[in-house]
Amino acid sequence: MTLLTLLPLLILSAGVTFLAIHQSARLSGAQSEILKDGLLEAKRAELKNYMELAYTAIRDIYEDPELPIEVAQGLVADAFHRMEYGSDGYFFVYDYDGLNIVHPRLEHLVGQDLWNFRDEDGKFLIQRLIEQAQEGGGFTEYRWDKPSGGESVLKLSYSIALEKWGWMVGTGLYLDDIEQVVGQMEHHMVENARRTILLMAFFTVSCLLVIAVIGLAVNLSEARVANRRLVTMAQKTFSFLEKERRRISRELHDGINQLLVSARFKLERIDDALGRGDHVDASSTLAAADRILETGIQDLRRLAYDLRPSVLDDLGLVAALESLCSDLVERKPVRIHFESNLDSGECQPVLATALYRITQESLHNIEKHAGNVGQVRVKLRRRRGWVYLEIADDGEGFIWRAEQSHEQGGAGMGLRNIQDRVDLLGGRLAIEAAPGKGVRIRIKVPFQRATGTSRERVDGRVYTRTFGGRPSAGSGRAALPAGGAAGH
């Protein structure tokens, strides 16, 4: 039960954890792209603003037709050389042939032809900047040494063209801060995912511990209940043994012992009569002694039969129950209808003996205590893994409450014996009784198949027989199942 509880929980926790990690990774990637695109768009807008401000600053000089070109170009170049923003923001100028005109941070590049200059990725950087400028202005991404950091980082530049002079003017922003922000966000998301996973693991382990503790408590409780039941069963078993011993002792003392004592007195009387020569008295006393011994023999046979009926071992349960019905009919004027679909050879001896004793006790109660009984029904059925025994009569009945079976002294000795036997088999007992409506005893016990028997039957033929009175049509021994008795 613990495994059946823990295994689905573990599978569920693992599945939820996997989905959480997968979804967190997808969400982190999506949010990183969204953030990166947003920051890049902000960078682009910022570069355009810087370029518009720079062009506004040199527009009067660039568009003044009265200034000589050399003078105007010198003034504009000097203006761009002095324009800076932030710690790493500056403007650079190239002509359309790739000749550097202005570079305030790397002045040694001024005057050099950089048309074939390649960046770290192998791209013709200056050519690309000039192409974007000639197309009306555009952005270019490349890697460049950051002045304040000294290492190569990703940079985004925006370039425009001064068509009248054949110049390309550009400026750029380094993107390492974007990478840093995105990296920090991804790190925070990874930390959140890790904390979520740890929290789920904590709750999962807590649930597992709670389930384990509850399972252990249930197991201990069930063990205590089972131990109490074992003690109760053992006590009932010893009680059965003591009852049987008392009954046998009473039978021997009050029956056979008294008969033997009486026979001994008769033998002494015979000896006395022979000593007096009174053969008539001796003969009559001998006949009386013979009758006493015959009674003792019958009582001894009956006692042996009660202890273990030979028909139960020789012919099986069905024949033994028929024998009980037949014996009751001989002692009491009743009509008994017997019905069974059980194969006697399939029953374990313990189950067969218990069913026989329960039937014997029930029929004994009918014989001793039921008044005005005309009909008795004994039905023994097997359905799947259960055996059902029903014994009913149409006698006077009695007042019965279901709780009587659980009260001390609330039921007779016979009914308590039946209840104890049913408990020992792990079955259930139901008694229905009412004044004038007879008594019906219903018993349901687990079927116990004898070892070495063939596989379980799906169903069996129903065998019926009527004892006493006029047999009903169709009754008889024609449908006797295998293992039953051929007759009495």
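Trainee: How many cavities of 30 Å³ or more does a search of the whole structure find?

Mentor: The search finds 1 cavity of that size. A cavity here is a set of points, on a 1 Å grid over the protein atoms alone, where a 1.4 Å probe fits but cannot get out. This is a predicted model, in which local features need pLDDT of at least 70, side-chain atom pairs count only at pLDDT 80 or more, and totals for chains, interfaces and linings use all residues. Residues are numbered from 1 along each chain as its sequence is written, and side-chain values use heavy atoms, with hydrogens and water left out.

Trainee: How much space lies in the largest cavity?

Mentor: About 70 Å³, where a volume is the space filled by probe spheres set on the grid points, joined across faces, edges and corners.

Trainee: And which residues line the largest cavity?

Mentor: The lining, meaning residues with an atom within 4 Å of a point, consists of Tyr90, Phe92, Tyr94, His103, Leu125, Ile126, Leu129, Tyr142, Trp144 and Lys155. Strand 2, helix 3 and strand 4 each supply at least two residues of that lining. Helices (H or I, at least four residues) and strands (E, at least two) are DSSP runs, numbered from the N terminus.

Trainee: Is helix 3 mostly covered or mostly uncovered?

Mentor: Mostly covered, with 7 of its 10 residues buried. Buried means under 20% relative accessible area, exposed over 50%, and partly exposed in between, using a 1.4 Å probe and protein chains only. The buried residues are Leu125, Ile126, Gln127, Leu129, Ile130, Gln132 and Ala133.

Trainee: What do they pack against?

Mentor: Their partners are strand 2 (89-95), strand 4 (138-145), strand 5 (152-162) and strand 6 (167-174). After the helix comes Gly136, whose phi is positive, near 105 degrees.

Trainee: Why does Gln127 count as buried?

Mentor: Gln127 counts as buried because its relative accessibility is 17%. Beyond its neighbours within four places in sequence, Gln127 is in contact (heavy atoms within 4.5 Å) with Trp115 and Asn116. The C-alpha atoms of Gln127 and Asn116 are separated by 7.6 Å.

Trainee: Changing topic, what is in the largest nonpolar core?

Mentor: That core has 46 residues, and those with the most contacts inside it are Leu317, Leu363, Val378 and Ile443. A nonpolar core is a set of buried Ala, Val, Leu, Ile, Met, Phe, Trp, Tyr and Cys residues joined through side-chain atoms within 4.5 Å. There is also a second, separate core of 27 residues, which includes Leu40, Ala72, Val76 and Ile160.

Trainee: Is Glu330 buried or exposed?

Mentor: Glu330 counts as exposed, because its relative accessibility is 64%. Glu330 is found in helix 7 (residues 317-331). Glu330 and Gly468 are 138 residues apart in sequence, yet 8.2 Å apart in space, C-alpha to C-alpha.

Trainee: What about Asn365, which residues is it in contact with outside its sequence neighbours?

Mentor: Leaving aside neighbours within four places in sequence, Asn365 is in contact with Ala370, Gly414 and Leu415. Asn365 belongs to helix 8 (residues 349-369).

Trainee: Finally, which residues does UniProt list as "transmembrane region"?

Mentor: The unreviewed UniProt entry lists residues 197-220. In the model that span is 100% helix and 0% strand, and its end C-alpha atoms lie 34 Å apart.

Technical notes. UniProt positions are given in the numbering used here, feature names are shortened, and annotations may be inferred rather than shown by experiment. On a 1 Å grid over the protein atoms alone, a cavity is a set of points where a 1.4 Å probe fits but cannot get out, and a pocket is an open set with protein on both sides within 12 Å along at least five of seven lines; lining residues have an atom within 4 Å of a point.
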